[in-house]
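Welcome, and please open your viewer. We will go from stop to stop, and at each one you will hear what to select and what to look for.

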Amino acid sequence: MNDTVVTDSVKRFKWVGTRPIRPDGVPKVTGKALYGGDYKVPGMLYGKILRSPHAHARIRSIDTSAAEKLPGVKAVVTSKDLPEQKFDYIGPERVAQNFWHITRNIMAREKALYEGHAIAAVAAISTSIAEEAAALIKVDYEVLPHVIDVDEAMADGAPLLFEDMITRGIEPAPTKPSNISKRLEFKLGDVDAGFKQADVVIEKEFKTAAVHQAYIEPHACVARCDADGQTEIWSSSQGHFQMRALTAAILKKPVGDIRVYPAEIGGGFGGKTITYLEPVALLLSMKSGSPVRLMMTREDVFRATGPTSGSSMWVKIGVTKDGKIVAADGIFKFQSGAFPGSPVMNGCLCAFAPYEIPNQRSVGYDVVSNRPKAAAYRAPGSPISAFAVESVLDMCAGEIGMDPLELRHKNACRIGTPTIQGPKHAHDGYIQTVEALINHPAYKVKLGPNQGRGVASGYWFNGGGESSATVQVNTDGTVLVATGSPDIGGSRASMALMAAETLGVDYSQVRAIVADTGSIGYTHVTGGSRVTFASGMAVVNATKSVIKDLCRRAAVIWDVDPEGVIWEDGFAKPAGSNVGDFEPLSLKALAAKASATGGPITAAASVNAGGQAPGFSTQFCDVEVDPETGKVTILRFVAAQDVGKAIHPSYVEGQIQGGVVQGIGWALNEEYIYNDKGQLDNPGFLDYRCPVASDLPMIDAVLVEVPNPAHPYGAKGVGEVNICPPMAAIANAIAAATGVRMTELPMSPPKVLEAIDAASA
Amino acid sequence: MSEAPARVVFTTGFSRRYTGGVTEFAVAAKTLRGVIREMDKQFPGLAETLAEETTVAIDGELYEIDFLRPIKPGAEVFFIPRIEGG
């Protein structure tokens with residue numbers, strides 16, 4: 001059963017915190033919503049991308065002549081049609097972009113670096129002709145040795161993806177190239193001295209599989225370029241401003257020439273914050289003179305779009321007999337795929353973040369291998385390191401005979417606790433999630449044979465940043481709220497709720513939409529759990545501007561100074577010496593007088609939102625392990641999360657349940673299975689096993705509300721941290737049920753059975 | 001009486017690259033722009049790096065670089081690598 005734990009400081013509101021029907025529900029359940037692949041424009045051509053069958057191969061030549069001659073083919077492009085980019089890491093280290101790499105991921109140049117790497121693209125008058133033409137393209141490959149596993153990629157003598165790649169972050173710089181693109185180290189206190197204070201020290205190695213974001217909707221877009229260079233793109237993404245920026249940079253076009261329209265999105269989870277298709281579709285449109293649609297198949301999605309990193313890790317933790325964590329150390333090696341840029345820095349920074357540990361160190365390695373380039377996935381990096389850290393913590397709790405929640409409670413971070421990156425924690429919320437589970441009735445339920453209970457916690461930064469919103473009052477008093485944030489997790493409902501609350505009008509009067517890049521100010525991606533916080537601030541600010549304008553208009557109607565008017569419960573009311581002199585004016589009445597009082601009532605606001613609070617989640621699960629098959633059945637899953645203030649609690653519960661379910665898939669079944677040629681053998685949902693409803697109990701979401709004072713309604717990001725604890729919680733539950741410690745994901749039946757058999761042998 | 005300067009802090013890795021290994025500075029400034037300007041005076045060119053490559057934690061609260069962000073007397077201003085999510 002879902003539950004909410006409220007701290008004393010949470011305010012009660014009329015609309016914020018209620019559960020109205022979602023505004024995007026009807027078109028979605030009736031099949032009318034328009035996703036990326038649904039867009040059609042007159043004269044549209046159909047695109048097809050030819051992909052590498054090899055995991056690693058030098059491209060000697062590409063002959064497109066036969067494809068170009070096929071009747072119905074209007075354009076063929078290869079990497080030669082894309083402008084070359086400077087080799088330069090631009091921007092912050094964690095998210096540094098190197099367009100020399102990006103353009104090579106969009107379309108292979110010197111080498112194909114993974115099976116599925118785009119080699120060439122065709123636009124034709126039908127899909128079948130485009131497919132036929134793609135098959136006519138002759139590519140002369142020199143097949144090279146490949147490497148998939150992260151430890152093998154780091155080993156001496158491993159096949160090199162880039163013969164000149166020197167590891168960054170090591171001084172002096174290595175003289176020999178390798179597949180290690182970067183090394184990072186973060187440190188707090190004195191780790192060696194800390195371990196000397198410990199009564200119990202446990203260290204363990206772990207491996208996690210690369211897993212895909214597994215969004216239902218494959219990538220799709222339509223691009224149209226006019227003869228004057230003016231361009232329109234319709235696409236499904238987590239950020240149409242991001243698609244515009246990346247497409248402009250990759251093709252070296254002015255940003256102002258490109259307008260991107262957001263489609264409904266069938267899931268992204270981080271994987272749609274980057275571009276694969278838009279620049280190629282636009283290039284085909286520029287070359288053919290016609291609009292071009294490109295769509296991926298499910299196989300394309302698995303073979304060519306980012307999963308998150310697989311990893312190899314080592315973690316060591318020292319505790320005293322009375323349960324104080326005195327030292328923690330970790331080495332985190334993350335696959336970045338074929339190009340540098342895994343979320344290993346996040347993994348390092350989040351690993352020990354929920355705890356007050358005086359001595360800690362995290363070392364990270366970013367490693368390339370012949371797999372698709374890793375992309376962001378829900379709290380990128382944090383769930384991976386959490387699996388290792390939370391597993392070792394569980395072992396520590398067992399060794400000193402302490403309840404695992406008590407161990408976490410004893411070491412919980414609070415306001416003022418130093419973090420490994422330097423600043424002190426500025427927000428509470430973690431300890432309240434632990435307490436919510438300590439007090440949860442299900443935590444005391446006795447378990448049966450072959451059953452076990454596991455606990456784990458997780459941390460995620462959450463984001464702020466740039467967002468824009470406009471609020472318009474229509475002539476009948478209804479309200480339109482527009483933002484630049486694609487709605488993935490229910491932001492249209494939460495924006496409308498915050499606008500209704502601020503204005504004091506009924507929720508049903510407010511309609512929220514997602515505006516295109518030509519119709520609203522710049523807005524950063526829907527990612528990093530930032531939208532309700534940052535775009536919500538923009539909406540509240542714009543609404544407050546509208547209220548100020550409405551008061552001014554009422555003052556005009558009443559012939560009083562604007563200061564003599566206040567806004568209350570959806571009405572302009574006389575204030576001060578004017579009290580009682582006039583009847584309050586409703587929003588509808590003022591909207592009807594808009595023309596006479598200054599014209600349309602509208603306001604825009606843009607913010608660079610800061611002061612976002614991090615996300616904390618603590619979860620426990622009960623499992624039953626079949627000793628004959630190794631199958632793990634989830635009996636119960638309870639997830640407590642600090643959500644600040646839930647603007648629309650049903651959506652927040654949905655986020656928690658969704659994150660947990662993705663974590664269960666990551667824990668138990670999901671993995672990429674490569675054959676000895678480095679080709680993916682399970683590029684579809686039949687063989688890449690995501691959890692389905694029949695695999696799962698109802699996930700109990702416990703909303704812990706510790707409001708963030710930096711947000712007008714106390715909101716915190718809620719979309720990501722919920723995926724951090726499940727893998728360790730399940731591993732810990734399996735250990736409790738069987739006595740066997742699983743250290744490698746996925747913990748699929750054959751692996752669990754093998755571990756049980758090995759332990760009993 | 002003059003107001004307490006802000007305590008500006010860099011990570012070890014950042015300081016190694018940009019500030020000769022010095023991780024802490026006392027800077028008198030009322031806004032983030034003022035902090036960045038003062039740091040740029042000591043290390044010419046640092047302003048662009050700070051503005052483009054970092055997130056700032058002011059007394060632990062995370063912010064994207066926003067020049068107008070007020071800095072209270074005695075505040076801790078910690079420049080850290082920018083974070084993005086999924």
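Predicted model: local features only at pLDDT ≥ 70, side-chain atom pairs only at ≥ 80, totals over all residues.

Residues are numbered from 1 along each chain as its sequence is written, while chains are lettered from A and ligands numbered from 1 in the order in which they are written.

Now widen the selection to strand E26 of chain A, residues 632-642. How many bridges join E26(A) to strand E27 of chain A, residues 699-705? There are 6, and the two strands run parallel. Two strands count as paired if DSSP finds at least two bridges between them.

Next, select strand E25 of chain A, residues 615-625, which pairs with E26(A) in the antiparallel sense over 9 bridges. Within this pairing, Asp622(A) has Arg636(A) of E26(A) as its bridge partner. The hairpin of E25(A) and E26(A) has 6 residues between the strands, and there Gly630(A) takes a positive phi near 80°.

Is E26(A) mostly covered or mostly open? It is mostly covered, with 8 of its 11 residues buried. Buried here means 20 or more other C-beta atoms within 10 Å of the residue's own, exposed means 12 or fewer, and partly exposed lies in between; C-beta atoms are placed from the backbone.

**A three-stranded sheet**

Move to strands E5, E3 and E7 of chain A, which form an open antiparallel sheet in the order E5-E3-E7. The edge strands are E5 (111-112) and E7 (138-143), each pairing on one side only. E3(A), residues 57-63, is joined to E5(A) by 2 bridges, and Arg58(A) stands opposite Lys111(A) in E5(A).

**A helix to follow**

Select helix H11 of chain A, residues 382-400: its 19 residues reach 26 Å from first C-alpha to last, close to the expected 27 Å. The expected span is 1.5 Å times one less than the number of residues. H11(A) is mostly covered, as 15 of its 19 residues are buried. Just after H11(A), look for Gly401(A), where phi is positive at about 70°.

**Backbone stops**

Most residues other than glycine have a negative phi, and most peptide bonds are trans. Lys252(A) has a positive phi near 55°; find it in the loop between helix H7 (240-251) and strand E12 (258-262) of chain A. Lys252(A) counts as exposed because it has 11 C-beta neighbours inside 10 Å.

Asn450(A) also has a positive phi, of about 60°, although it is not a glycine. Asn450(A) is partly exposed, with 13 other C-beta atoms within 10 Å.

For cis peptide bonds, select Glu171(A) with Pro172(A), where omega is about -5°. Then go to Leu745(A) and Pro746(A), joined by a cis bond with omega about -5°. Pro746(A) sits in the loop between helix H18 (726-738) and helix H19 (749-760) of chain A.

Conventions
Helix = DSSP H or I, 4+ residues; strand = E, 2+ residues; numbered from the N terminus.
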